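User: I would like to learn how to read some features of a model. Please take them one at a time.

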Amino acid sequence: MLSDNRFYLAPLQGFTDFVYRRCHHQFFGMIDAFYIPYIALGPGQKIRNSQLRDLLHQNNDGVPVVPQVLCSNADELRALAGKVREMGYSKLNLNLGCPYPMATKRGRGTGLLENPVQLEKVLDALFSEFDFQVSVKFRSGLSDDQTIWARLRLLQAYPFEELIFHPRMAKQLYKGAANRQLFAKVSSVLEKPMVYNGDIQSARDLEEVKNLVPAQNEWMIGRGLLSDPLLIHRLKGQHFQEKEELDLMRDFHQTILDGYRSAFQDDGHVLMKMKQFWSYFANRFSKPAKVYKPIKKASKLTKFLEVYSSAFRHP
């Protein structure tokens, strides 16, 4: 039974923004917390307006959210955490898992995990100068999955509310299989409740992790939910008639589209967001490539509006 399990939406930059989160919460519920994609300091040591907009309370009204910060040192942490506190949040997630070279080469994400001196300074500042409920999301290392063993002392030394482990190396990005055996080993050593993150797309995936860690009951899902918004319902054994599900997906999609058209006045921006959405959403159809091809080829929003509806035709 999964009644006592908790499910979280992973923060995927460019995908799980406030429009998506709000619509998913409205249509499906089931998610206990939506982790907001990270905020970071950009040019001029400023946070992008788009990232700040994602944090605005009016854009997250009624949705259980947790802000995330991406930093390389304690000064960056102070600036970011200070802004999150200023905006009235009580929870904060520290990103030690971003795998992309643009971040890691600057000492951020998994790059900060690789730097124990800077990491300890960041954690000292975070826990001594702020009163957030702190969670941390981390990978196993940049190019060596043994790195995590050298960081367990630090992770054990601070009172994290949640430890979210994605058992992949940064160099893998999202390729290959998540190392569930490594998750089980780290979980047994930390002796703290952990959140499993990585390749959850079916009930079988949950079972495989539970076979290794029988008490595991907290899960973070990203790409699996973007591809199948009803995934948590399926994990909990709920089933839908084909017509009912297709109609629900159509209504969900329309609400997403309306949300982006309201949030962004520029048609090009709306088209970009909808193409991003469909790059995963197409996977819930029996022929994803066939469904996505005309959407990907659409060069204008008007063309997108002409072609997308064919995916929702009843057989």
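User: Is Cys98 buried or exposed?

Analyst: This is a predicted model. Cys98 has a relative accessible area of 9%, so Cys98 is buried, the cut-off being under 20%. Cys23 is buried as well, with a relative accessible area of 5%.

User: How far is the sulfur of Cys98 from the closest cysteine sulfur?

Analyst: A disulfide needs two cysteine sulfur atoms within 2.5 Å. The closest cysteine sulfur to that of Cys98 belongs to Cys71 and is 12 Å away, which is too far for a bond. By this rule the model has zero disulfides.

User: Which residues of helix 12 are buried?

Analyst: An α-helix has 3.6 residues a turn, so residues three or four places apart point the same way. In helix 12 the buried residues include Glu245, Met249, Phe252, His253, Ile256, Gly259, Tyr260 and Ala263. Among the elements covering the buried residues of helix 12 are helix 1 (18-28), helix 2 (49-55) and helix 13 (267-281).

User: What span should the 22 residues of helix 12 have?

Analyst: At 1.5 Å a residue, helix 12 (residues 242-263) should span 32 Å, and its end C-alpha atoms are 31 Å apart, which agrees.

User: How much space lies in the second largest pocket?

Analyst: Rolling a probe the size of a water molecule over the atoms shows where empty space is left. The second largest pocket holds about 400 Å³. It is lined by 17 residues, and those closest to its centre are Phe285, Ser286, Val291, Ser310 and Ala311. Helix 12 and helix 14 (288-297) each give two or more residues to this lining, and helix 14 gives the most, with four. By type, the lining has nine nonpolar, two polar and six charged residues.

Key. Residues are numbered from 1 along each chain as its sequence is written. This is a predicted model: local features need pLDDT of at least 70, side-chain atom pairs count only at pLDDT 80 or more; totals for chains, interfaces and linings use all residues. Side-chain values use heavy atoms; hydrogens and water are left out. The expected span of a helix is 1.5 Å times one less than its number of residues. Buried means under 20% relative accessible area, exposed over 50%, partly exposed in between (1.4 Å probe, protein chains only). Contact means heavy atoms within 4.5 Å. On a 1 Å grid over the protein atoms alone, a cavity is a set of points where a 1.4 Å probe fits but cannot get out, and a pocket is an open set with protein on both sides within 12 Å along at least five of seven lines; lining residues have an atom within 4 Å of a point. Grid points are joined across faces, edges and corners, and a volume is the space filled by probe spheres set on the points. Ala, Val, Leu, Ile, Met, Phe, Trp, Tyr, Cys and Pro count as nonpolar, Asp, Glu, Lys and Arg as charged, and the others, Gly among them, as polar.
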